[in-house]
Every structure is written in structure tokens, then in C-alpha cells.
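Please look over the fold below. The report then takes up its overall build, its helix packing and a few single residues.

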Amino acid sequence: MTDETPDNTAQMASPSYRLPALDQDFLLGDSMRGVRFLLEYAKAEEALRAWGVRSTIVVFGSARVKPGQPWYETARAFGKLASERGGALDGEVGDLRNNVIATGGGPGIMEAANRGAMDVGAPSVGFNITLPHEQEPNAWSTPELTFRFHYFAMRKMHLAMRANALVVFPGGFGTFDELFELLTLRQTDKAPPIPIVLVDRDYWTTVINFEALAEHGMIARKDLDLMGFADDAEGIWRELLVRGLKPHENLE
């Protein structure tokens, strides 16, 4: 017999002994995919509620548009105008803010809309996504409302769930993806009847033949009324109001 304390070093060092919440290997494992999905929902939700963000105006568009180009300057002007008139500046401590500008958080059109909100001292949201070529957040979204997602699906859910309106500037595959996601939700009544405005009619009617979809019976003729068109910041705002946007209110 011996009075020596048994050596439990191996037990203490074993990954199974780590607290689950502190075990990164476990949290990043396949069995925790659902938990990670929930965490991406909960973290952004908590911050948005803390800032009183009840509703948003979501702005999509190309990340490739540069400052000084017309689409960029229109998006910036709209971010400013919507923030001033929509209710994003209403929130004091404990108050709710409506129609806060929300974007994908990156450069181009997204940056421009966030920048317009910052021009008038309004908060704005950036829902960034982790990509193979790392996307960095633009410098104009509110830092406390700048998020990063791994899952496209959860990012889309956050973009859609508070949206009072959708404004879509010219863009490519990513912009089309987001546009048709929201159009499908509207077409199937899975989302409230929010106004959808496409900026620059010439661009959109050139790259997508909406009329042909109806002519071939792929969509109902009435589905063409799910969206409107505008060409400048004031025009976008007017079209949103005509289609039911209520400044300082949540459509729901």
C-alpha cells in the first residue's frame, strides 16, 4: 500500500471532462449544428431588442458598386431619407425604433445605405456572412448592430423577420437570391404584405423578363404587383408609402 495521491492528470486533461460550454471542439462538432444555429439567432436577437429595433427597411444590392457611382449615391441618399422619416431616430432609452436601415453589412450598396443612416446619426444594422474570401463589415453600420453569421439561412431569417419593406438595388446572384427569397415568401403569404421596390427599372427589366414569366404561366399576372420600381431616393420613398409603409410604425 502507498499513501501517495493517485495521479488523475489524464482524467483532468481529457476532452470529456471539459465543461460543454467551454469545449470548442464539442461546440463545433456535427452534433451541435442545431445549437450553433440557435446561437446565431439568439445573439443577434438579443442585441436588436436591446437597441429597440422593432422593424427595418432592408436594402440589398451589389457589393461591387463604388462611392461616387449613381447607384451608390442613391442608396446613400435613401438611407439618410428613410432614417430621418421612418422612425429610426425615435428611440430613446426604452423606446422602439421602426424602419431602421438593415443591410448585408458589406461594401457597395450595403455600405452606402448604412452610410446614409450614419449621416443623420441614426442606427443601422449590418448582417454580415462568413465567406471563403472574407467579407469585412463596412465602417458605417452601428458597431453594436454589426453581426456575423455562418449560416445563410439564419442570416436570411434575421433580414426578413423584422422587415417592414425591401429595397433592391442592381446586383448579381446574391442580390437575386435575396430578392426572390422575399418575393416567394410574399407570393406564398409566408411573410406580411411588405412593400418591395426595385431601383432602376431599366436595369431590372433588362436582366429579368418579369412579363415573360407571367406570359408563360410561371407566375400569376397579379404576382407582378408584388413589386414596384423607382429611380431615385424620393421615388423609392414615395413608392414604399404607396405600397403601405407606415413611417414610425411596424406593419405587423
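What follows is a short report on this chain, from the whole down to single residues.

## Basis

This is a predicted model, in which local features need pLDDT of at least 70, side-chain atom pairs count only at pLDDT 80 or more, and totals for chains, interfaces and linings use all residues. Residues are numbered from 1 along each chain as its sequence is written, and side-chain values use heavy atoms, with hydrogens and water left out.

## Overall build

The protein chain has 10 helices and 7 strands. Both are DSSP runs numbered from the N terminus: helices are H or I with at least four residues, strands are E with at least two. The C-alpha atoms fill a box of roughly 90 × 45 × 35 Å along the principal axes.

Of the 252 residues, 46% count as buried. Buried means under 20% relative accessible area, exposed over 50%, and partly exposed in between, with a 1.4 Å probe and protein chains only. Contact means heavy atoms within 4.5 Å. Among contacts in the chain with a separation of 6 or more, 68% join residues 24 or more positions apart.

## Nonpolar core

The largest nonpolar core has 61 residues. Such a core is a set of buried Ala, Val, Leu, Ile, Met, Phe, Trp, Tyr and Cys residues joined through side-chain atoms within 4.5 Å. The residues with the most contacts inside it are Ile57, Phe78, Phe147, Val167, Leu198, Ile236 and Leu240. In soluble globular proteins, nonpolar side chains tend to be buried together.

Helix α10 (residues 233–242) has Ala233, Gly235, Ile236, Trp237, Glu239 and Leu240 buried. The cover over these buried residues includes β1 (56–60), α4, β5 (163–168), β6 and β7 (228–230). Just after α10, Gly244 takes a positive phi of about 115 degrees.

## Helix packing

Axes are lines fitted to C-alpha atoms, for helices over the stretch in contact, and angles run from 0 to 180 degrees between N-to-C directions. A crossing is left-handed if the near helix is turned anticlockwise from the far one by less than a right angle, and right-handed if clockwise. For residue classes, Ala, Val, Leu, Ile, Met, Phe, Trp, Tyr, Cys and Pro count as nonpolar, Asp, Glu, Lys and Arg as charged, and the others, Gly among them, as polar.

The axes of α3 (residues 33–50) and α6 come within 9 Å and cross at roughly 30 degrees. The two helices are therefore roughly parallel. Angles under 35 degrees count as roughly parallel, over 145 as roughly antiparallel, 65 to 115 as roughly perpendicular, and the rest as oblique. Phe37, Glu40, Tyr41, Ala44, Glu45 and Leu48 in α3 meet Ala153, Met154, Met157, His158 and Met161 in α6. By class, this contact has 8 nonpolar, 1 polar and 2 charged residues.

Helix α6 (residues 152–161) also meets α7, with axes within 11 Å and a crossing of roughly 60 degrees. This pair is therefore oblique. Its crossing is right-handed. Arg155, Lys156, Leu159 and Ala160 of α6 face Asp177, Glu178, Glu181, Leu182 and Leu185 of α7. Here the classes are 4 nonpolar, no polar and 5 charged residues.

α4 passes α5 in a right-handed crossing. The contact residues divide into 7 nonpolar, 3 polar and 5 charged.

## Single residues

Glu178 lies in α7 (residues 173–187). This glutamate is buried, with a relative accessible area of 7%. Beyond its neighbours within four places in sequence, Glu178 contacts Phe60, Arg155, Lys156 and Leu159.

Phe210 lies in α9 (residues 210–215). At 7% relative accessibility, Phe210 counts as buried. Its contacts include Phe180, Leu198, Trp204 and Phe229.

Most residues other than glycine have a negative phi. Asn99 has a positive phi of about 60 degrees. Asn99 sits in the loop between α4 (70–86) and β2 (100–103), and is buried at 0% relative accessibility. Asp200 has a positive phi of about 80 degrees. Asp200 lies in the loop between β6 (196–199) and α8 (201–207), and is buried at 18%.
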